Structure formats: structure tokens, C-alpha cells
Amino acid sequence: MARVGILLAAALLLGLVSASRAIEGTATFYTVYTPSACYGFQDQGTMIAAASDGLWDGGRACGRMYRVRCVRGTNAVPNPCKSGEVTVKIVDRCPSPGCTSTLDLSQEAFNAIGNLDAGRIVIDYNQ
């Protein structure tokens, strides 16, 4: 019985550790989803994102899933964040120097967590 309690405590602790490993970054949004660097003209839905050079990993980011939530705004737009989080699939690359964010979310994904009028928000994300 004690062993079960230890295993449960360890599982709970691991869950808390992984939840606390969110990374802070920024998000913007885009509206033209195809063609994408990962899937060409194949439709991947609307909960998608383009990875910045820092996440792109030579194309190995394709298909990775990230949980994203809005933390705060980056400008004076009131109420930049919505509650909750969204899970997105990396389908494209957002290359420098034009890419000004960590994740360039689809408009639908951005709208799920942030005010479109904000245009750019601070996010927490984890894979």
C-alpha cells in the first residue's frame, strides 16, 4: 500500500513539474495556411501554427504539438487575453527576419486565446 502511495505522489509530482515547464514567448497570427513548409497543399485544419527559427529544428518541428496560452499583451490594446489554452500543430516555418514571434498561430488558434486586435501577445507554451 505504501508503494502505491509513493507511485501516486511521484506521478503527481511529475505532472506538476511538466506543467511548470512552460516557456514564455510571443505569438502573432496569419491567415493563408497553404501551401505549408511541412505539408504542401494538404489541409491540416485550423488549429495550426508556424514555428520560428528557434523552434523549427531543421524541419523536425513539423507535426509537433504545442499547448499555448495567452499571458499578457505587448501593446495598449485592452483585454488582449482570453482564458484557456489551445493546442496547435506545427505545419509551417516562420522564418527570420520577417517572423517577429515564437509561434505564428492560425487566426482561429490566436482568436481562441487572444484578442485579434492585439495582433501580438505574450504566451506560455510547451510541447
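Gln-127 counts as exposed, because its relative accessibility is 63%; here buried stands for under 20% relative accessible area, exposed for over 50%, and partly exposed for values in between, with a 1.4 Å probe and protein chains only. The model is a predicted one, in which local features need pLDDT of at least 70 and side-chain atom pairs count only at pLDDT 80 or more, while totals for chains, interfaces and linings use all residues. Residues are numbered from 1 along each chain as its sequence is written, and side-chain values use heavy atoms, with hydrogens and water left out.

Gln-127 is placed in the segment after E6, where helices (H or I, at least four residues) and strands (E, at least two) are DSSP runs numbered from the N terminus. Between Gln-127 and Arg-67 there are 6.2 Å in space, C-alpha to C-alpha, although the two are 60 residues apart in sequence. Not counting residues up to four places away in sequence, Gln-127 touches Arg-64, Met-65 and Tyr-66, a contact being heavy atoms within 4.5 Å.

In soluble globular proteins, nonpolar side chains tend to be buried together. A nonpolar core is taken as a set of buried Ala, Val, Leu, Ile, Met, Phe, Trp, Tyr and Cys residues joined through side-chain atoms within 4.5 Å. The largest such core has 21 residues, and the members that touch the most others are Val-68, Leu-103 and Leu-105. Two or more residues of this core come from each of strand E2 (48–52), helix H2 (53–56), strand E3 (65–73), strand E4 (86–94), strand E5 (103–106), helix H3 (107–113) and strand E6 (121–126). Another core, of 7 residues, lies apart from it and includes Tyr-30, Ile-48, Ala-50 and Cys-94. For Leu-105, leaving aside neighbours within four places in sequence, the contacts are Ala-27, Thr-28, Phe-29, Tyr-30, Ile-48, Ala-49, Val-88, Phe-110 and Ile-113.

Covalent links come next. A disulfide is a covalent bond between the sulfur atoms of two cysteines; the criterion applied is a pair of cysteine sulfur atoms within 2.5 Å. Searching the whole structure gives 3 disulfides, and with the bonded cysteines of the protein chain numbered in sequence order, they pair as 1-2, 3-4, 5-6.

Cys-38 is joined to Cys-62 with an S to S distance of 2.0 Å. This pair links distant parts of the chain, 24 residues apart: Cys-38 sits in the loop between strand E1 (23–30) and E2, and Cys-62 in the loop between H2 and E3. The link of Cys-38 and Cys-62 is left-handed, at -80 degrees about the S-S bond. Cys-62 counts as partly exposed because its relative accessibility is 27%.

In the disulfide of Cys-70 and Cys-81, the sulfur atoms are 1.9 Å apart. Cys-70 belongs to strand E3 and Cys-81 to the loop between E3 and E4, so this pair ties together parts that are 11 residues apart in sequence. At -60 degrees about the S-S bond, the link of Cys-70 and Cys-81 is left-handed. Cys-70 is buried, at a relative accessible area of 6%, whereas Cys-81 is partly exposed, at 26%.

The disulfide between Cys-94 and Cys-99 has an S to S distance of 2.1 Å. With 110 degrees about the S-S bond, the link of Cys-94 and Cys-99 is right-handed, and both of these cysteines are buried.

Charged side chains complete the picture. Defining a salt bridge as a side-chain nitrogen of Lys or Arg within 4 Å of a carboxyl oxygen of Asp or Glu, the count comes to 6. One of them pairs Glu-24 with Arg-72, whose closest N and O atoms are 3.2 Å apart. Glu-24 in strand E1 and Arg-72 in strand E3 are 48 residues apart, and the pair links distant parts of the chain. Glu-24 is partly exposed at 48% relative accessibility, and Arg-72 is partly exposed with a relative accessible area of 41%.

Arg-93 and Asp-53 also meet through their side chains in a salt bridge, at 2.9 Å from N to O. Because Arg-93 lies in strand E4 and Asp-53 in helix H2, this pair ties together parts that are 40 residues apart in sequence. Asp-57, Arg-60 and Arg-64 are linked in a network of salt bridges; within it, Asp-57 and Arg-60 have their closest N and O atoms 3.1 Å apart. Asp-57 is partly exposed at 31%, while Arg-60 counts as exposed at 55%.
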